[in-house]
Amino acid sequence: MLKQILKRCSSLGKKQGYDMEGLPLDVPKGHFVVYVGENRSRHIVPISFLTRPEFQSLLRRAEEEFGFDHDMGLTLPCEEVVFESLTSMLR
């Protein structure tokens, strides 16, 4: 599942703001983008989060709710305040 997520995150298109490999220019190496909450706020998180059980739980919920085969980026099904609280504990 993690390989599928990383592949999906690295192939989200080659448009303005993306490099030759289709990676966003504003995302540092070793990080990826997720969208959270009703307004789909964009967050950049370290890849190391993928190994954390708390984050993996969010990924399973995202797969059940949205699947990973779509063009809207990796969207996590939780409120933004909950996501920010979780990620602050994981850092």
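Which side chain meets that of glutamate 54 in a salt bridge? The points below take up this question together with the sheet and the helices around it.

1. The model under discussion is a predicted one, and the remarks that follow should be read with that in mind. The partner of glutamate 54 is arginine 52, the two side chains forming a salt bridge with an N to O distance of 3.9 Å. The structure holds one salt bridge. Glutamate 54 has a relative accessible area of 37% and is therefore partly exposed, while arginine 52, at 30% relative accessibility, also counts as partly exposed.

2. The axes of helix H2, which spans residues 53-65, and of H3 come within 10 Å of each other and cross at roughly 145°.

3. The sheet is open and consists of three strands in the order E2-E1-E3, with mixed pairing. Strand E2 (41-46) and strand E3 (75-76) each have a single partner strand and stand at the edges, so that one side of each is left without a neighbour in the sheet. Strand E1, residues 31-36, runs parallel to E3 and is joined to E3 by two bridges. Within this part of the sheet, valine 36 stands opposite leucine 76 in E3.

4. Threonine 75, which belongs to strand E3, deserves a separate remark. With a relative accessible area of 6%, threonine 75 is buried, because the cut-off for that class is under 20%. Leaving aside residues up to four places away in sequence, threonine 75 touches Tyr35, Arg40, Ala62 and Phe66. Of these, Tyr35 falls within the residue range of strand E1, and Ala62 within that of helix H2.

5. Helix H3, made up of residues 80-90, lies across E1, E2 and E3 and runs at about 15° to E2. Glutamate 84 lies in this helix and, with a relative accessible area of 39%, is partly exposed. The C-alpha atoms of glutamate 84 and valine 36 are separated by 9.5 Å, although the two residues are 48 residues apart along the chain.

Conventions: Residues numbered from 1 in each chain as written. Predicted model: local features only at pLDDT ≥ 70, side-chain atom pairs only at ≥ 80, totals over all residues. Heavy atoms only, no water. Pairing = 2+ DSSP bridges. Helix = DSSP H or I, 4+ residues; strand = E, 2+ residues; numbered from the N terminus. Contact = heavy atoms within 4.5 Å. Axes fitted to C-alpha atoms, helices over the stretch in contact; angles between N-to-C directions. Buried < 20%, exposed > 50% of the residue type's maximum accessible area, 1.4 Å probe, protein only. Salt bridge = Lys/Arg side-chain N within 4 Å of Asp/Glu carboxyl O.
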